[in-house]
Amino acid sequence: MDLTKASMLREMITGTELGTRTTDFAHSLRRYTTRRGGLLLFGPAEDEPWHLTAHLDDELHRAGVEDVRPSLVRWAPPPDAPPHLAIGLDRLRDSGKGESLLVVSEANPADTLLERIDDVRRRGTTIFSIDNGSKELASLSHESLVPELLIPSGFGSGWVSHPVPQDDGVPDETLTLIRDAVAGFEMTQHLVSLAAADPEAGQAGWRRSLRTFIDRLGGEPGA
């Protein structure tokens, strides 16, 4: 999914649970990362989240947010890797308060991954996860997203698990976009990347609530 499609999709799902949850998740990620360079991404050795790292970095750079630019932590970076791809496990041992670890694991996390996350949590780092609903990972995460549980049925009040069924109330092109985006957590990662770059993402909760209230007051009657 490219940036244009991701932006269109975000507009489509505004006001739905999917839109709200991914936005709140991304804003929490910004709010709890208070140390410069303190946003770390981590995942299974065989499926490191370079995709999300790259998109987060692009969106935050585009928004001028330089102090929360993400770092991909790798299990065994090769000796000739460029600097941004050469950050190894030592970085996890240096993590602490004011930093956030975003774990992306589509498959059930291995014990070795869970052990690393547990160590980081004990150092005071805030743990976020995008995963398949693993109870073990959820117990270690301060906040988590399970993309499979956030796919809307007709963008209404009902929610279904992936795959998305045909629904007469939603245009075919929209359903196709959602189905294509769900694969590999791609949709959720793009939505989180876009939301993390929101101007209000780093504000305290009461500031965001006040801004929302003011925006509603200035809206059209009945909006």
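Predicted model: local features only at pLDDT ≥ 70, side-chain atom pairs only at ≥ 80, totals over all residues.
The strands form an open sheet of five members in the order β2-β1-β3-β4-β5, with parallel pairing. Strands β2 (71-72) and β5 (143-145) stand at the edges, and because each has a single partner strand, one side of each is left without a neighbour in the sheet. Strand β1, which covers residues 39-42, pairs with β2 in the parallel sense over two bridges, and L40 stands opposite S71 in β2. Helix α5 (residues 111-122) packs on this sheet, where it touches β1, β3 (100-105) and β4 (126-131), and its direction makes about 165 degrees with that of β3.

The largest nonpolar core comprises 25 residues, of which F25, L52, L56, L102 and I130 touch the most other members. At least two residues of this core are supplied by each of α2 (17-31), β1, α3 (50-62), β3, β4 and α8, and the largest share, five residues, comes from α8. Leaving out residues up to four places away in sequence, L52 touches L41, L102, V104, I130, Q189 and S193. A second, separate core of 14 residues includes L40, V73, L101 and V120.

Residue S193, one of the contacts of L52, is located in helix α8, which spans residues 186-196. With a relative accessible area of 2%, S193 falls under the 20% cut-off and is therefore buried. A polar atom of the S193 side chain lies 2.8 Å from the backbone oxygen of Q189, and, neighbours within four places in sequence aside, S193 is in contact with L52, H55, L56 and E59.

Technical notes
Residues numbered from 1 in each chain as written. Heavy atoms only, no water. Helix = DSSP H or I, 4+ residues; strand = E, 2+ residues; numbered from the N terminus. Buried < 20%, exposed > 50% of the residue type's maximum accessible area, 1.4 Å probe, protein only. Polar contact = N/O pair within 3.5 Å; in protein donor to acceptor, adjacent residues only side chain to side chain. Contact = heavy atoms within 4.5 Å. Pairing = 2+ DSSP bridges. Axes fitted to C-alpha atoms, helices over the stretch in contact; angles between N-to-C directions. Core = buried A, V, L, I, M, F, W, Y, C linked by side-chain atoms within 4.5 Å.
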